[in-house]
Amino acid sequence: MYFLIAAEAAIFTIFVVAYIFYVGKSATGPQPAAVLHAPLFLTACLLSSSLTTHLAVRGLRSRNVRRFTWWWCGTVILGGIFVAGTAREWRHLVYQDGLTIQTNLFGTTYYSLVGLHAFHVIAGLLALAVVLVFAIRGDVRQEHSARTEVLSMYWHFVDAVWVVIFTVVYLIGR
Amino acid sequence: MSAARATVAVVRSERAPLVDTLHEWVTTVDHKRLGILYIIYALLFLAFGGIEAIIIRIQLIRPHNTFVSPQVFNRMFTMHGTTMIFFAAMPLVFGFANYLVPLMIGARDTAFPRLNAFSFWLTAFGGLLLYFSFLGGNGLYGAGNAPDVGWFAYAPLTSRTFSPGHSTDFWILALLLSGIGSMGTAINIAATVLCMRCPGMTLGKMPLLAWLNFTMAGLVILSMSPLTAAQLMLLVDRYLGGHFFDVQAGGSAVLWMHFFWIFGHPEVYVLAIPAFAFASEIIPVFSRKPIFGYPVMVAATLAIGFISMSVWAHHMFTVGMTSAGNTFFVLSTMAIAVPTGIKIFNWLATIWGGKVQYRTPMLFCVAFLFQFLIAGLTGIMLAAAPFDWQLSGSYFVVAHFHYVIVGGILFTIFGAFYYWFPKMSGRMYNEALGKVHFWLFTAGFHLTFDFMHVPGVLGMPRRIYTYEPGRGWDIWNLVITIGVLFQAVATLVFLGNLLWSKLWGKVAGSDPWDGWTLEWSTASPPPAYNFPSLPEVRSRRPLWDLKHPEDPDWHYE
């Protein structure tokens with residue numbers, strides 16, 4: 001999983017570099033300063049979901065399957081809120097501000113970078129949800145804690161990438 | 001119990017109908033079978049890429065030739081480059097790594113056998129997708145097509161305006177798929193080396209081949225990903241109307257160059273480091289001496305891997321970077337010659353004073369030493385930015401990188417074929433045919449690529465469809481094409497030798513070379529579980545210890 005994370009990190013690096021390279025080079029509007037608002041609530045949701053997975057895995061390691069299920073469920077909900085929030089933000093950008101992936105360089109780089117991250121969040125959510133279904137059916141036991149830990153490692157990575165994207169897109173890039 | 005299983009397998013393979021055998025191969029997760037699948041697949045594409053090279057060379061044999069149309073010529077050099085790098089060289093390297101790394105570290109399989117199969121089939125279908133473009137490149141409009149944007153596909157040539165139809169999309173998707181496959185294999189190799197070593201095999205006692213493939217895997221993980229990211233951006237541009245590489249909307253064509261070469265240069269070392277690995281196993285065995293300077297070899301490999309990540313823009317000196325940028329990339333490129341030089345001296349020191357046996361694998365490795373040195377020297381010449389301004393994009397560059405990839409990498413791969421063929425097939429290859437292959441191929445190689453430097457210095461640009469007579473290029477191009485003929489015949493001899501030996505060769509036995517690493521301790525071909533009981537290792541040459549209990553290596557290490 002560490003190696004997969006290294007490979008994924010390299011992919012994100014290239015997209016972040018492209019974003020930074022093209023900041024302020026759009027020939028036409030809308031510009032990021034006019035339309036982007038830092039999604040603080042969503043960021044808080046995603047970051048705290050890292051904490052909940054951690055607590056879930058710790059619960060499983062100490063044989064507490066109930067605690068695991070609840071914290072894991074919390075992770076899925078928080079991640080779901082993040083994806084729904086991103087969808088709302090995009091809807092607003094597309095319909096209110098008229099920014100699509102074709103509009104200008106900002107649109108191209110913004111949607112591909114944030115979209116690539118959202119894709120990873122959704123992939124992670126699907127995996128988390130599968131484990132949650134297993135947990136609710138009572139199939140997750142203490143011996144699976146190493147596997148859930150691998151999944152939570154991926155989730156931490158997705159959250160860490162969001163910290164970078166948030167900084168680049170919503171703080172520096174505006 | 002393992003013995004019983006082995007008997008069952010033997011009985012079944014004798015009686016199984018063809019469909020069952022095929023089914024077993026298609027659904028296999030055994031690292032040895034996947035390795036062989038990789039290798040056979042790569043040989044197929046080596047033949048395709050070779051045919052494309054022959055077409056290119058026939059077209060250039062004399063001025064004003066019209067053997068193919070300019071359009072077809074563009075497709076041929078694009079397909080030749082893409083095929084050889086992504087679907088011949090890389091699968092060959094991965095195939096050997098897959099087959100050998102678990103055997104050499106005393107493991108029963110790789111860390112993730114199913115990921116291994118998944119990665120192979122992704123690569124395989126990637127190659128099929130690339131070649132399907134001959135049929136489907138123009139969609140349903142009839143005439144065939146294929147990518148014609150060059151193997152590094154500079155923007156804006158790849159934009160919808162200049163590449164209508166689907167041929168470029170096939171190129172993107174093929175590389176995207178096989179790139180994901182390569183990452184899977186790389187993750188697998190790295191995890192196998194770190195987690196699956198047999199008892200007693202510390203990292204410092206690991207065969208050099210495992211160390212070097214571990215480095216290669218790290219490079220693949222860090223360098224394939226930028227290519228994947230860049231291909232995704234290109235897809236966004238072509239299908240969603242994005243502007244990453246669209247200069248008119250403020251995008252940058254130079255950014256594609258950076259992204260491509262951030263992948264492209266480490267890629268050379270992805271291929272070269274496994275080639276070094278083969279040389280590091282073959283040269284000691286045929287010199288009857290342990291490798292000289294094992295720790296330095298490992299350190300030099302890691303140094304090469306590290307430095308190779310920071311040299312990419314030497315492909316871009318003619319783009320017009322700042323002088324600080326040029327200086328940095330000149331220096332970093334020259335720095336990489338230091339660890340490479342250390343390796344060459346260590347191989348020479350291994351041969352020095354040894355009882356050298358010039359069997360076919362050793363012949364290929366000796367030629368490799370000589371040719372790789374020359375390739376490195378022209379590399380240092382091109383690393384000097386002013387020199388590169390003169391010769392970038394000329395046949396001198398083409399000669400240089402073919403010297404690296406054919407003269408360095410392909411030669412050791414041929415050596416590896418002969419060295420491990422007895423292990424993989426259980427049969428001995430034909431030594432006489434092997435030597436015919438070596439001498440024919442070496443003669444052809446030098447005819448083609450030695451003389452290719454000359455028209456480059458005389459100003460012949462790469463990728464031109466034809467040229468005017470009387471510029472002093474004619475005779476050189478003729479000689480180059482004649483050399484290709486030798487190489488083609490030699491390759492046919494090689495393939496014939498493999499086929500003939502597989503069917504009628506002498507039975508090889510488990511250890512035909514009196515080798516020292518663990519793969520020679522098990523049967524040829526190895527059973528599905530590799531080792532009946534996991535070996536215990538106390539030195540870098542475990543088989544030497546076993547054969548010479550009175551004077552084992554671990555007394556000295």
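User: Leaving aside its neighbours within four places in sequence, which residues is Leu271(B) in contact with, and what makes two residues count as being in contact?

Analyst: Apart from neighbours within four places in sequence, Leu271(B) is in contact with Ala89(B), Met90(B), Val93(B), Ile405(B) and Ile409(B); two residues are in contact if their C-beta atoms, placed from the backbone, lie within 7 Å. This is a predicted model, in which local features need pLDDT of at least 70 and side-chain atom pairs count only at pLDDT 80 or more, while totals for chains, interfaces and linings use all residues. Residues are numbered from 1 along each chain as its sequence is written, and chains are lettered from A and ligands numbered from 1 in the order in which they are written.

User: What makes a set of residues a nonpolar core, and where does Leu271(B) stand in the largest one?

Analyst: A nonpolar core is a set of buried Ala, Val, Leu, Ile, Met, Phe, Trp, Tyr and Cys residues joined through C-beta atoms within 7 Å, where buried means that 20 or more other C-beta atoms lie within 10 Å of the residue's own, exposed means 12 or fewer, and partly exposed is in between. The largest such core has 195 residues, and Leu271(B) is, with Ile221(B), one of those with the most contacts inside it. Helix 8 of chain B, residues 253-287, gives this core its largest share, 22 residues. A second, separate core has nine residues, among them Leu60(B), Met76(B), Phe77(B) and Ala146(B).

User: Which elements of chain A give two or more residues to the side that touches chain B?

Analyst: The contact takes 19 residues from chain A and 23 residues from chain B, and the elements of chain A that give two or more residues to it are helix 1 and helix 5. Helix 1 of chain A supplies the largest share of that side, 10 residues.

User: How do you know whether Arg288(B) and Asn530(B) are buried or exposed?

Analyst: Arg288(B) has 12 other C-beta atoms within 10 Å, so Arg288(B) is exposed, whereas Asn530(B), with 22, is buried. Arg288(B) lies in the loop between helix 8 and helix 9 (294-308) of chain B, and its phi is near 55°, a positive value in a residue other than glycine. Asn530(B) is placed in the loop between helix 16 and helix 17 of chain B, with phi near 65°, likewise positive in a residue other than glycine.

User: What makes His555(B) and Thr202(B) count as exposed?

Analyst: His555(B) counts as exposed because it has 9 C-beta neighbours inside 10 Å, and Thr202(B) is classed as exposed on 9 such neighbours inside 10 Å. His555(B) is in the segment after helix 17 (542-547) of chain B, while Thr202(B) is in the loop between helix 6 (167-195) and helix 7 (208-239) of chain B.

User: Where are cis peptide bonds found in chain B, and what is omega there?

Analyst: One joins Ala155(B) and Pro156(B), with omega about 0°, and another joins Ser524(B) and Pro525(B), with omega about -10°. Pro156(B) lies in the loop between helix 5 (113-136) and helix 6 of chain B, and Pro525(B) lies in the loop between helix 16 (474-504) and helix 17 of chain B.

Notes:
Helix = DSSP H or I, 4+ residues; strand = E, 2+ residues; numbered from the N terminus.
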